[in-house]
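Let's take a walk through this fold together. Have the sequence and the 3D view ready, and we'll start with one term before looking around.

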Amino acid sequence: GERLVCKLGSTISYDSLGPGLLPDRGQRTAIFGEMAGGALGADTDFYKLELRSAWYFKGLMEGHIIEASGQGGVVDSFGDSSRVPLFDRWYLGGLRSLRGYDFRAGGPEEVNNEPIAGNTCWFRSLKYSVPIVERLRLATFYDIGMVYRDPFSFSSDGLLTGSPVSEPSYNDNWGIGVRLNIPNLGPLRLDYAFPITGDSVNDDGGRFQFGVGFTSRNF
């Protein structure tokens with residue numbers, strides 16, 4: 001089908017990171033907000049709020065870096081809309097969040113095991129990286145988070161439509177990775193993550209995740 005969306009958003013952030021592409025001190029914290037519909041018109045009425053934060057610290061030895069990051073958000077419909085459209089809900093899973101799970105697999109799913117996202121989410125990640133040789137780093141990490149069906153709700157009931165068993169209240173994974181800084185191309189990331197606490201559908205073994213950048217923050 002088709003729908004017309006008119007929305008207005010704003011962001012406020014604080015950034016004290018340094019130095020360069022691989023910070024070892026400071027933080028970046030941002031609050032995002034947007035509203036669709038209402039006085040703006042169009043076919044969809046919803047509002048969305050999100051907090052993201054990433055902190056960096058020096059590790060135990062020279063060149064070691066600790067990265068702690070997280071996010072939380074809620075989206076809800078109002079006015080003439082009875083629910084939030086599929087592509088405006090929250091997803092977790094994949095390179096930028098739960099790396100031990102398929103893309104968008106860390107949350108509610110419908111009867112055919114297709115992810116349908118949710119209205120409340122939270123996510124945390126902790127990473128420790130060390131230099132090996134010039135332009136090469138190794139990292140180990142832990143990710144934890146979940147997406148829930150309803151706004152302002154942390155209930156795992158009904159995460160899988162028609163599921164006869166109780167589902168976990170979170171998904172988590174651990175993993176290892178390499179960071180390679182290629183001249184004239186930039187830093188590349190390759191991670192392999194192992195699920196720890198999955199559900200009856202999304203826990204089907206580890207996952208390779210490939211991307212760019214030294215850090216995992218996505219804002």
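A salt bridge here is a side-chain nitrogen of Lys or Arg within 4 Å of a carboxyl oxygen of Asp or Glu. Keep in mind that you're looking at a predicted model, where local features need pLDDT of at least 70, side-chain atom pairs count only at pLDDT 80 or more, and totals for chains, interfaces and linings use all residues. Residues are numbered from 1 along each chain as its sequence is written, and side-chain values use heavy atoms, with hydrogens and water left out.

Now for the sheet. Strands (E) are DSSP runs of at least two residues, numbered from the N terminus, and two of them pair if DSSP finds at least two bridges between them. Nine strands make an open, antiparallel sheet, in the order E1-E2-E3-E4-E5-E6-E7-E8-E9. Strand E1 (7–15) and strand E9 (207–212) sit at the edges with a single partner strand each, so one side of each has no neighbour in the sheet. Tyr 128 stands opposite Thr 140 in E6.

Back to those salt bridges: the count comes to 12. In one of them, Glu 67 and Lys 127 meet at 2.9 Å, N to O. Glu 67 belongs to strand E4 and Lys 127 to strand E5, so this pair ties together parts 60 residues apart in sequence. Are these two buried or exposed? Buried means under 20% relative accessible area, exposed means over 50%, and partly exposed is in between (1.4 Å probe, protein chains only). Glu 67, at 3%, counts as buried, and so does Lys 127, at 6%.

Another salt bridge joins Arg 28 and Asp 15, with the closest N and O atoms 3.5 Å apart. Arg 28 is in strand E2 (residues 27–36) and Asp 15 in strand E1, 13 residues apart. Arg 28 is buried at 18% relative accessibility, while Asp 15 is partly exposed at 43%.

Last stop: Arg 99, in the loop between strand E4 (65–77) and E5. At 1% relative accessibility, Arg 99 is buried. A network of salt bridges links Arg 99, Asp 143, Arg 179, Arg 189 and Asp 191. The side chain of Arg 99 also makes a 3.3 Å polar contact with that of Ser 125; such a contact is a pair of N or O atoms within 3.5 Å, and within protein one must be able to donate a hydrogen and the other to accept it, while residues adjacent in sequence count only if both atoms are side-chain atoms.

Methods
Helices (H or I, at least four residues) and strands (E, at least two) are DSSP runs, numbered from the N terminus.
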